[in-house]
Amino acid sequence: MSNSTVDASKRTWLIASGCAGAVGAGFTAVPFVSSFQPSERAKAAGAPVEVDISGLQPGQKMTVEWRGKPVWIVRRTKEQVEGLKKLDAQVADPESKRNAYPTPDYAKNEWRSIKPEFFIAVGICTHLGCSPTDKFQTGPQPSLPDDWQGGFLCPCHGSTFDLAGRVFKNKPAPDNLEVPPHVYLSDTRLLIGEDKKSA
């Protein structure tokens with residue numbers, strides 16, 4: 001066998017190997033490059049969330065996810081709504097004037113919502129990001145005052161919030177619970193993440 005025959009076969013093998021490697025690299029690169037694009041779930045995470053609230057009874061709460069955060073929808077009883085004004089002197093920011101977590105203008109009222117009956121808030125404590133627990137039952141309970149009127153207790157450092165998400169005075173949390181942008185599409189449909197109805 002001559003050197004020219006050996007060189008030709010090596011050359012053919014090198015070319016074939018190089019082509020196969022390039023094709024393989026291309027197949028490997030496509031999923032890798034496409035992984036830089038946001039997934040459908042990631043795209044949806046920032047999108048507004050439409051919620052059916054028709055089954056929510058007075059005194060109940062439901063939780064939905066918006067932008068990776070838990071959002072509470074609480075349907076307050078008539079008594080719970082009426083009791084909010086009595087707590088103005090006990091909460092740190094009764095009219096939601098602080099700007100750390102800006103409150104939409106339509107929620108700068110004593111019930112912090114568009115409709116007094118429904119309270120919508122991001123369920124994350126404004127202190128260090130723990131999730132407060134429901135403490136809707138009134139009266140004395142562990143870690144709560146004897147005259148407790150119902151609300152939320154953060155189990156991490158003891159911050160307490162009323163049923164409008166207003167933080168009580170002298171607590172670690174510096175601000176009221178965040179009220180996300182939202183709008184009512186109908187009496188039973190709520191859109192979280194947008195302030196205005198689509199045209």
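I began with a cut-off: a salt bridge is a side-chain nitrogen of Lys or Arg within 4 Å of a carboxyl oxygen of Asp or Glu. The model is predicted, so I noted that local features need pLDDT of at least 70 and side-chain atom pairs count only at pLDDT 80 or more, while totals for chains, interfaces and linings use all residues. I also noted that residues are numbered from 1 along each chain as its sequence is written, and that side-chain values use heavy atoms, with hydrogens and water left out.

**Salt bridges**

How many salt bridges does a search of the whole structure find? I got 12. Side chains of opposite charge can pair when their charged atoms come close.

I looked up Lys 61 next. Lys 61 forms a salt bridge with Asp 134, and the closest N and O atoms are 2.7 Å apart. This pair links distant parts of the chain: Lys 61 is in strand β2 and Asp 134 in strand β5, 73 residues apart. For these labels, helices (H or I, at least four residues) and strands (E, at least two) are DSSP runs, numbered from the N terminus.

Then I checked accessibility. Buried means under 20% relative accessible area, exposed over 50%, and partly exposed in between (1.4 Å probe, protein chains only). Lys 61 has 25% relative accessibility, so I logged Lys 61 as partly exposed. Asp 134 is partly exposed too, at 34%.

I moved on to Glu 110 and Lys 85. Their side chains meet in a salt bridge at 3.6 Å, N to O. Both residues lie in the loop between α3 (78-83) and β4, so the pair ties together parts that are 25 residues apart in sequence. Glu 110 is partly exposed at 23% relative accessibility.

Which residues are linked with Lys 85 and Glu 110 in a network of salt bridges? I found Asp 88, Asp 162 and Arg 166.

I logged one further pair. Asp 105 forms a salt bridge with Lys 108, with 3.8 Å between the closest N and O atoms. Asp 105 is exposed at 65% relative accessibility. Lys 108 is partly exposed at 40%.

**Cysteines**

A disulfide is a pair of cysteine sulfur atoms within 2.5 Å. I searched the whole structure and found one. This disulfide joins Cys 130 to Cys 156, S to S 2.0 Å. Is the disulfide left-handed or right-handed? The torsion about the S-S bond is about -105 degrees, so the disulfide is left-handed.

The pair links distant parts of the chain, 26 residues apart. Cys 130 is in the loop between β4 (118-122) and β5 (133-135), and Cys 156 is in the loop between β6 (151-153) and β7 (160-162). Cys 130 is buried, with a relative accessible area of 18%. Cys 156 is partly exposed at 39%.

I then checked Cys 125, which is in no disulfide. Its nearest cysteine sulfur, that of Cys 154, is 3.9 Å away. Cys 125 is buried at 3% relative accessible area. Cys 154 is likewise in no disulfide, and Cys 154 is buried at 3%.

**Strand pairing**

Last, I looked at β2 and β3. Two strands pair if DSSP finds at least two bridges between them. Strand β2 (residues 60-66) and strand β3 (residues 69-75) pair in the antiparallel sense over seven bridges. Trp 66 stands opposite Lys 69 in β3. The two strands form a hairpin with two residues between them. In the turn, Arg 67 has a positive phi of about 55 degrees.
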